[in-house]
Amino acid sequence: MKRLIGLFAALLFSVNVVASDVAPDVLVKNVTNEVLDIVRKDKDIQAGNTKKTLELVEAKVLPHFNFQRMTQLALGREGRQATPEQLRVLTGEFRDLLVRTYSKALTEFRDQEISFKPFKMAATETDVKVRTEIKQTGGKPAQLDYYLEKNAAGWKVYDIEVGGISLVTNYRSTFAQEIRAGGIDGLIRSLQEKNKTADARAK
Amino acid sequence: MAYDMNPKNIGARIRSAVIVVALAGSLGGCATSGNPKDPIEGFNRAVYGFNEAVDTVLIKPVAQGYDAVLPTPVRTGVTNFFGNIADLFIGVNNLLQGKPDQAVSDLGRVLINSTVGILGLFDVATEAGLEKHEEDFGQTFGRWGVGNGAYVVVPIFGPRTVRDTAGLVLDVAVDPLANIGNVPTRNSLLGLRLVDTRADLLPADKVIEEAALDKYSYVRDGYLQRRRNLVHDGNPPRELLD
């Protein structure tokens, strides 16, 4: 048994080493290509199977996201008044909202071609921006940028910008408005409400 | 299709647009809600509601039908055709912003696409390596250092700021389509462009519906971030986050 645990720990450790060894631009490229490949081949997803898309995003994309950091960024200074428990619930609800938005965007824009911009970083850097572009017919290519931060578990995405619009900080003034009106709990309720109606629609 | 560049008419058009905007400003003066970027939020929400209603009953259904009926290559041709006309003043704005290289590239695009690209229906210039740009007078003012001013929702045109509304007035005044002498031709082309633009936005629309807690503020904040990004040509200085 002890040996088994040891083996497990070693495995976990090696997985972590591998994850943090992957350069951030390579990580973004691999995940993007893998996910788009699946989406383009899967008939169910193309037919609008929301559940299957969500499962794909959960399995392939989520492990590379840092939702705690995202929630803190969206809250800004208003977040200081939240208790750890409120933060935990808030992070979970916000995560669901972002995952659904991301899945929706993935299905809507699946046929667009994505190109990866040249990337350079110093070996000591722990906070980087990886730039990609979505080709659009009849328009200027849309920027799709990922912000990543390195922690013990490797590089994690903490913000995504589409055409310069941050999917995370774009919530800041809405969140502030909700908190002013009903406190942190009011914001949690609004997010739960939003997620519930979306779930009902998906079924 | 006489292009009416009579300065007197342009002057008159600018004057009437200025009056509309000024009126909007004075009407909204009394409604405040605390967001420093959106001092006339009460007024803006009302216009936003009006725009949404017009979109829901009229523009969006037509755009959906258009999208469903036309094959993708035809739709792309229409978007390219209007994009080619727009490239002319994108070039002018790049020149005004002190970017002659980009202005030359924009002019090159118009020349290539109008000829080889058959009246702009095919965007061969992009294939040839001349990338499309996105510029307008609002961005030019921003480049010159003019601040945003308050957020304003303009009837039909949608989100703007005071600066971008001034830009919009100029954009419309010099718009080649809006200056076509034959009124039925002008209106048909303006209508087609509106529907085509709206159809291009249908996918983004679904994502916003999914994402927004309060669609009004989501669209507002997205617009402000987007414009900031555009004024800095895709490389805005990072905003300090606390």
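This is a predicted model: local features need pLDDT of at least 70, side-chain atom pairs count only at pLDDT 80 or more; totals for chains, interfaces and linings use all residues.
**View 1. The overall make-up of chain A.** Chain A holds 7 helices and 5 strands. Starting at the N terminus, its elements follow the order α-α-α-α-α-α-β-β-β-β-β-α, so you can trace the chain by counting along that pattern. Of its 203 residues, 43% count as buried. Among contacts in chain A between residues at least 6 apart in sequence, 57% link residues that are at least 24 apart.

**View 2. The open sheet of chain A.** Here 5 strands of chain A sit side by side in the order E1-E2-E3-E4-E5, with antiparallel pairing. Which strands stand at the edges? They are strand E1 (114-116) and strand E5 (165-166) of chain A; each has a single partner strand, so one side of each is left without a neighbour in the sheet.

View 3. E1(A) is joined by 3 bridges to strand E2 (residues 127-134) of chain A, and the two run antiparallel. To find your place, look for Phe116(A), which stands opposite Thr132(A) in E2(A). Helix H2 (residues 24-41) of chain A packs on this sheet, where it touches E1, E2, strand E3 (142-151) and strand E4 (154-162) of chain A. The direction of H2(A) makes about 165 degrees with that of E1(A).

**View 4. The second largest pocket, lined by residues of both chains.** This pocket has a volume of about 1300 Å³. H10(B) gives the largest share of the lining, 8 residues. By type, the lining divides into 12 nonpolar, 18 polar and 19 charged residues.

**View 5. The overall make-up of chain B.** Now turn to chain B, with its 10 helices and 2 strands. Read along the sequence, the pattern is α-α-α-α-α-α-β-β-α-α-α-α. Buried residues make up 43% of the 242 residues in this chain. Of the contacts in chain B with a separation of 6 or more, 62% are between residues 24 or more positions apart.

View 6. Strand E1 (residues 151-154) and strand E2 (residues 158-161) of chain B pair in the antiparallel sense over 4 bridges. One pair to look for is Val154(B) and its bridge partner in E2(B), Gly158(B).

View 7. Most residues other than glycine have a negative phi. In Ile118(B), however, phi is near 45 degrees, a positive value. Leu119(B), also not a glycine, has a positive phi of about 55 degrees. Ile118(B) is found in the loop between helix H4 (100-115) and helix H5 (124-127) of chain B, and Leu119(B) lies in the loop between H4 and H5 of chain B too. Are these residues buried or exposed? Ile118(B) is partly exposed, with a relative accessible area of 49%, while Leu119(B) counts as exposed at 59% relative accessibility.

Key: Residues are numbered from 1 along each chain as its sequence is written. Chains are lettered from A and ligands numbered from 1 in the order in which they are written. Side-chain values use heavy atoms; hydrogens and water are left out. Two strands pair if DSSP finds at least two bridges between them. Contact means heavy atoms within 4.5 Å. Axes are lines fitted to C-alpha atoms, for helices over the stretch in contact, and angles run from 0 to 180 degrees between N-to-C directions. On a 1 Å grid over the protein atoms alone, a cavity is a set of points where a 1.4 Å probe fits but cannot get out, and a pocket is an open set with protein on both sides within 12 Å along at least five of seven lines; lining residues have an atom within 4 Å of a point. Grid points are joined across faces, edges and corners, and a volume is the space filled by probe spheres set on the points. Ala, Val, Leu, Ile, Met, Phe, Trp, Tyr, Cys and Pro count as nonpolar, Asp, Glu, Lys and Arg as charged, and the others, Gly among them, as polar. Buried means under 20% relative accessible area, exposed over 50%, partly exposed in between (1.4 Å probe, protein chains only).
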